[in-house]
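Hello,

Here is the structure I promised to pass on. My notes on it follow below.

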Amino acid sequence: MILACHNISKSFGNRIIVKSGSFHIEEREKAALVGVNGAGKSTILKMIMNEEPADEGDIILAKGKTIGYLAQHQDLIPHGTIYEELRSAKADIIEMEQRLRSIEHELKSLSGNALESRLDTYNRLQSEFEARNGYACESEITGVLKGLGFTEEEFSKKTDTLSGGQKTRVALGKLLLTNPDILLLDEPTNHLDLNSIAWLETFLSNYQGAVFIVSHDRFFLNRVVTKVVEIENGELRMYMGNYQAYSEKKQQIRDARLKEYLNQQREIRHQQAVIEKLRSFNREKSIRRAESREKMLEKMTPVEKPQDAPREMHFALEPSCVSGNDVLSVEGLSKQFGSQILFHDANFEIKRGEHVAVIGDNGTGKTTLLKILNQVQKADAGSFTLGAKVQIGYYDQEHHVLHDNKTIFDEISDDYPSLNNTQIRSTLAAFQFTGDEVFQEISTLSGGEKGRVSLAKLMLSEANFLILDEPTNHLDIMSKEILEEALNNYRGTVLYVSHDRYFINQTATRILELVNQTFVNYIGNYDYYLEKKDELTRAYASSPGHSVGNAGNTAGSPANTASASSSGTSALSWQEQKEQQAKDRKRKNDLKRTEEEISRLEERNAAIDHELTLEEVYSNSVKCQELSTERTANEERLEELYEMWETLAE
C-alpha cells in the first residue's frame with residue numbers, strides 16, 4: 001500500500017465534504033476518484049497534498065515514497081520556454097551530466113591518487129546516470145512534448161504567451177517526467193485532443209508508479225483505471241474495476257435495494273389489507289389474528305428507499321417545427337489562416353434526424369467549421385445551404401453568445417421577452433440557478449455555470465438543428481448523462497464538435513473526422529470509427545484536398561467503395577448493435593419513468609393519509625369518499641407499477 005486515508009472528515013461550515021471516509025491505493029495501482037461537481041474531489045486531493053487540513057483522520061504516504069500533483073490551475077516558470085519548463089523536471093540528471101563533463105575535463109590534468117579518487121567519483125556518477133536513463137533524457141522530454149500535442153516549432157514558445165489549456169499540458173508533461181511513486185491528477189484530459197488523450201492513456205497504463213485520477217472522461221477511465229473511489233453525500237466507497245464496472249455495480253446495488261424496498265412495501269400493503277379484513281369481521285378470533293399481524297409488522301425492520309443522486313440539470317430539447325429532409329449541404333468549402341490550410345474543397349450533407357460528431361486534432365479547424373455554418377466567420381471559398389424550415393440553435397464553447405455585462409435573468413429575458421418572471425425562474429431552476437443566483441452577472445460565472453446558461457438558452461430556442469461546440473466541457477459525469485439523454489430523445493438534427501469519446505459513442509449516428517484538410521465520413525458511433533478508421537483513411541484520405549459526401553450516397557466515390565467493402569462483414573452487426581442500444585435506452589427510460597410514477601403515487605397517498613386526519617376533511621363525507629376513491633385507484637396502479645418495475649429491472 002502506497003497511500004491510505006483512514007476515517008478522514010472535512011467540512012466547510014455546515015457543508016460536509018467527507019465524514020469518516022476511508023480508502024487506500026496500492027503500489028502501481030491506477031485508481032479514479034469520481035463524484036458530481038462540488039462533491040469534494042479536488043478538496044480530497046488537496047488534503048492528501050497537505051494544502052488543505054483534514055478535520056479528523058489520518059492520511060498516510062508510505063515511507064520514502066514521492067508524490068506528484070497536477071492541479072487544475074498552473075504556475076509555471078516566468079519568461080521560460082516550453083522546452084525549458086519540461087527540462088527543469090530533469091534538473092538533477094542534467095546537473096549530473098554537467099558534473100560528468102566537468103570531471104572528464106579535469107581528468108586530463110590529474111595523476112596518481114588524485115586521478116584514482118576522481119575516477120572513482122566519475123564511475124559512481126556514471127553508473128547512477130545510466131541507471132536513471134540519463135542518456136535518453138532529451139529524447140524523453142521530446143517524446144512527452146510530442147505526445148501531448150506540441151510540435152517542435154512550439155518547443156521554443158514562451159510559457160507566458162500560452163493559453164490556460166497549453167499551460168496545463170506543459171505542467172502535465174513536467175509532472176510525468178519527474179516520475180514520482182504516485183501521481184495525483186486533477187482533470188488531466190482537459191484541453192487534450194483525441195490523439196493526446198490516447199497517448200496519455202498508454203503512458204499511464206504502462207506507468208511503473210501508482211496513479212490517482214479525478215476525471216469526468218468516462219472513456220479514459222475505462223481504459224486506465226482498475227479501481228474507482230466514489231464520493232457521494234460525504235461518504236467514500238470503493239469499487240474494483242474500471243468506470244463501466246463501477247457504474248454497473250452501483251446500479252446493481254441500487255436495483256437490489258430498490259427491489260427489497262418495493263417487495264417490503266408490497267408485503268406491508270398486503271398485511272395491512274389482511275388486518276383490515278380481519279378487523280371487519282369483528283370477531284374475537286379474527287381481531288386477535290389481526291393484532292398478531294400488527295405486532296409482526298411493528299417488528300419488521302423498515303428498508304429505506306434508495307435515493308438517486310440529485311440531478312444537477314433536468315431539461316428536454318424540443319424543436320418548434322420539423323425541418324425538411326435535407327438539413328445542410330456543404331459544397332467546396334475552404335478556409336485557411338495565413339499559410340495554414342484548415343480544410344479545402346469540403347463537400348458533405350446532413351439529413352434530418354442525424355447526430356453528426358466532428359472530431360480531429362486540436363487546431364485542424366473543427367470549431368472554425370461550426371463558426372462558418374453559424375455565420376460567425378466567413379469561408380474563403382465554397383458555400384453551404386440550409387434546408388427548408390431549418391432553425392439553428394448554437395452552443396459556443398467560448399460562450400460568445402452570452403453578454404458579460406448582463407445578469408443571468410436578463411440574458412434569458414432579453415432574448416425571450418414573451419416569458420414572464422415565473423417562467424424564466426422555472427427555466428433557470430432546471431439548470432440549478434435559484435433565488436438570488438439568477439441576478440449574478442455573466443462575467444462572474446465559472447465555465448461550468450456559463451455552460452448551463454448557454455444550455456438553458458439552447459433549450460428555449462426550440463431549434464430543429466443544433467450546432468454544438470464542446471458541449472460537455474465543464475460538465476460532471478451526471479450532467480453529461482443528462483445531456484446525452486436529452487440529445488438521444490431530441491427529434492431534430494445535431495452537428496457537434498467533441499473530444500469526449502464516451503459522449504460521442506452514446507449520441508453520434510455519424511462521425512466526420514477532419515484529417516489531412518478533408519472530412520472523412522464514418523457511418524456509426526465512436527466504436528465503429530475506431531474499427532474502421534485505418535481502412536477508410538487508407539481508402540480515401542491519403543492526400544490533402546480530397547473531400548467526401550455521405551458515404552453510400554456518392555456513386556463511385558472512395559467513401560462508397562470503402563463502405564461497400566465493409567458492409568458485408570460488419571454493417572449488419574453494427575445495425576444490430578444500434579438496435580440493441582436503442583432497446584437498452586428505452587428500457588432504462590421506461591424504468592426511470594416507472595420509478596418516478598411510483599414515487600409520485602406514494603407521495604400522493606401519504607398526502608391523502610395526512611388530509612384524512614384533518615377535521616375539515618374527515619367531517620366532510622363527500623371529500624372523504626373522493627380521497628378514499630383516489631387512494632384505492634392509486635393502490636391499484638401501484639400494484640401494476642411494482643410488477644412493471646420488476647420486469648424492467650430484470
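Start with a stretch to treat with care: over residues 549–572, pLDDT stays under 50. The model still has 37 contacts beyond four places in sequence for that stretch. This is a predicted model. The chain as a whole has a mean pLDDT of 86. Of its residues, 91% reach 70 or more.

Next, Thr594. This residue sits in helix α18, which covers residues 558–611. Thr594 has a relative accessible area of 3%, so it counts as buried, the cut-off being under 20%. Which residues does Thr594 contact, leaving aside its neighbours within four places in sequence? They are Leu641, Met644, Trp645 and Leu648.

Gly393 is in strand β14, residues 392–395. Gly393 is buried too, at 3% relative accessibility. Beyond its neighbours within four places in sequence, Gly393 touches Leu458, Ser461, Ala463, Phe465, Leu466 and Ile467. Ser163 is another matter: 230 residues separate it from Gly393 in sequence, and the C-alpha to C-alpha separation is 28 Å.

Last, helix α11, residues 366–373. Why is α11 described as largely enclosed by the rest of the structure? Because seven of its eight residues are buried. The buried ones are Lys366, Thr368, Leu369, Leu370, Lys371, Ile372 and Leu373. Note that two lysines, Lys366 and Lys371, are in that buried set. Just after α11, Gln375 takes a positive phi of about 60 degrees.

Best wishes

Methods:
Residues are numbered from 1 along each chain as its sequence is written. This is a predicted model: local features need pLDDT of at least 70, side-chain atom pairs count only at pLDDT 80 or more; totals for chains, interfaces and linings use all residues. Side-chain values use heavy atoms; hydrogens and water are left out. pLDDT is the predictor's confidence in each residue, from 0 to 100. Contact means heavy atoms within 4.5 Å. Helices (H or I, at least four residues) and strands (E, at least two) are DSSP runs, numbered from the N terminus. Buried means under 20% relative accessible area, exposed over 50%, partly exposed in between (1.4 Å probe, protein chains only).
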